[in-house]
Amino acid sequence: MTFWFLLLLGIATYLMVQRSVANITKTPIWLLWLVLMTPALVLTGWTLIYGVKQPPPPSLIFWPSIVCLMLYWVLFQWGRQTPKDTQTATQTPASQSAINPTVESVPVRPIEPTEETQLRNCFPWSIYYVQNIEYRPQAVICRGQLRTSPTQAYQQIRDNIEAQFGDRFLLIFQEGFNGKPFFVLVPNTQAAKARNKQSEQLTRPGLALLLLAATLITTTLVGVKIAGVNLTQVQTNPRIFFQGLPYALALMTILGIHEMGHYLTARFYKIRSTLPYFIPIPFFLGTFGAFIQMKSPIPNRKALFDVGIAGPLAGFIATLPLIIWGLAHSDVVPLTDRTGLLNPDALNPQYSILVSLLAKLALGSALTAKSAIDLHPVAVAGFLGLIVTALNLMPVGQLDGGHIVHAMFGQRTAMFIGQIARLLLLLLSLVQSEFFVWAIILLFIPLVDEPALNDVTELDTKRDILGLLAIALLIIIVLPMPQAIANLLQI
């Protein structure tokens, strides 16, 4: 079991590093991955030598984590591709990755000196008065004074750029660290590729169906174990295999609806994206989740917010009836030393405010202060759905929650919120050790989120309220039930 957990953690860590920092540092990905995995390898070595019954000393957990965190930061900064301008140091690279996740060398004719007059004419003084134009290897940055609303300025200047230069450039509108908005023209690599060769196949329905079928099989196998059946019995009685379907179908429904929320919202905003792809694994949960890839930039903060919140919101709505039904069909067992947050055979609901409320609603008076819950397989899937929702709602970097706070407050404030969230989760892990690995992983996720093309226009009040409710949902999932409320509910 230790080997499979280490393998799963290694794969997850590598994918996380590759996706988040590959485009903004020259440091080899394998080296950053090895640094991140060192604490887990150290603890695994301790377990292999001394066994699981002898816990490692706290210093063996604390010091490797701190040293590896510092080493990771040094290696990341050593290879970081940082522009010289401090105002766009954290924004221009993100803008490039937003245009094309895999930055390729596509021949695009740059702005020529004779074209600068045309470029300046694209910025009417009554809309945006250009004071300075900076030419970078991958961008043209136009700084000046905004004289109208951000929405009107972006729309007018984008139309002017397209009229003068066609589809050679994508226009990005961002806010600098000094609070002044500026425009960035980056090469439209997708348009250049489309002119030189046929457009790449965006979605592969056959592959999506194959992964869906494979994930159904692997989650069903895991569901058989969760149902308390030995897999060796499946060979003699194949019908036992179907006992894993309740868990498999419930979990895949939650994950699928989560990703379809992203996919359909992206399609609504005409953002090119792939179909949801499931990741099957024959152990642990039976799947490593599902994902979609967006192949074109997000037009504005409104679209960024809607795409970001659609997945967790849809997944949570799908989770609620499943977890309530599963809890209602679960068994109440006495509290023991094995009771914990991640033990489906003896779950203590007090570790989560929302789980406590749902458990009391489903089980009523049968659930007391001295009770734990032996989860039904559907309840296990619902509980995992809540964990997936909470993980995605963390307001850090390119997680869904990071997109949400970015759209609500802007990129600068979102980075500050992300840093506070990482530290708070690390403090929470001192009380609930189950969050420790999660907190360490978040420390290595970059705080910078990819900007929208119009990253200045703010959201409306309704979306701000919905975003605050999403943050509140995260809080009631991860925080334990206060004892005073637990006593009132008699749990």
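Q: Why does Phe183 count as buried?
A: The relative accessibility of Phe183 is 0%. Buried means under 20% relative accessible area, exposed means over 50%, and partly exposed lies in between (1.4 Å probe, protein chains only). Therefore Phe183 is buried. This is a predicted model, in which local features need pLDDT of at least 70 and side-chain atom pairs count only at pLDDT 80 or more, while totals for chains, interfaces and linings use all residues. Residues are numbered from 1 along each chain as its sequence is written, and side-chain values use heavy atoms, with hydrogens and water left out.

Q: How many aromatic pairs does the structure hold, and what makes the pair of Tyr128 and Phe183 edge-to-face?
A: There are nine aromatic pairs. In this one the ring centres are 4.9 Å apart and the planes stand at 85 degrees. Rings of Phe, Tyr and Trp (its six-membered ring) pair if their centres lie within 6.5 Å; planes under 30 degrees apart are stacked, over 60 edge-to-face, and the rest tilted. The angle is over 60, so the pair is edge-to-face.

Q: Which parts does the pair of Tyr128 and Phe183 tie together?
A: Tyr128 is in strand β1 (residues 128-135) and Phe183 in strand β4 (residues 181-187), so the pair joins parts that are 55 residues apart in sequence. Strands (E, at least two residues) and helices (H or I, at least four) are DSSP runs, numbered from the N terminus. Tyr128 also has 0% relative accessibility, so Tyr128 is buried.

Q: Why is the pair of Tyr277 and Phe291 called tilted?
A: Their ring centres are 5.9 Å apart and their planes are at 50 degrees. Tyr277 belongs to strand β5 (residues 277-280) and Phe291 to strand β6 (residues 287-291), so the linked parts are 14 residues apart in sequence.

Q: Which residues do ring pairs link into a cluster?
A: The cluster consists of Phe123, Tyr128, Tyr154, Phe173 and Phe183.

Q: How do you know that Arg168 and Glu115 meet in a salt bridge?
A: Their N to O distance is 3.2 Å. A salt bridge needs a side-chain nitrogen of Lys or Arg within 4 Å of a carboxyl oxygen of Asp or Glu, so this pair qualifies. Arg168 lies in the loop between α6 (150-165) and β3 (169-175), and Glu115 in the loop between α4 (92-99) and α5 (116-121), 53 residues apart. Both residues are buried: Arg168 has 10% relative accessibility and Glu115 has 9%. Seven salt bridges are found in the whole structure.

Q: What separates Glu116 and Arg120 in helix α5?
A: They are four residues apart, which means about one helical turn. Their closest N and O atoms are 3.3 Å apart, and the two form a salt bridge. Glu116 is partly exposed at 24%, as is Arg120 at 35%.

Q: Why is Arg463 called buried and Asp460 partly exposed?
A: Arg463 has a relative accessible area of 18%, so Arg463 is buried. Asp460 has 33%, so Asp460 is partly exposed. The two form a salt bridge, with the closest N and O atoms 2.6 Å apart. Elsewhere, salt bridges that share partners join Glu134, Arg136 and Arg143 into one network.
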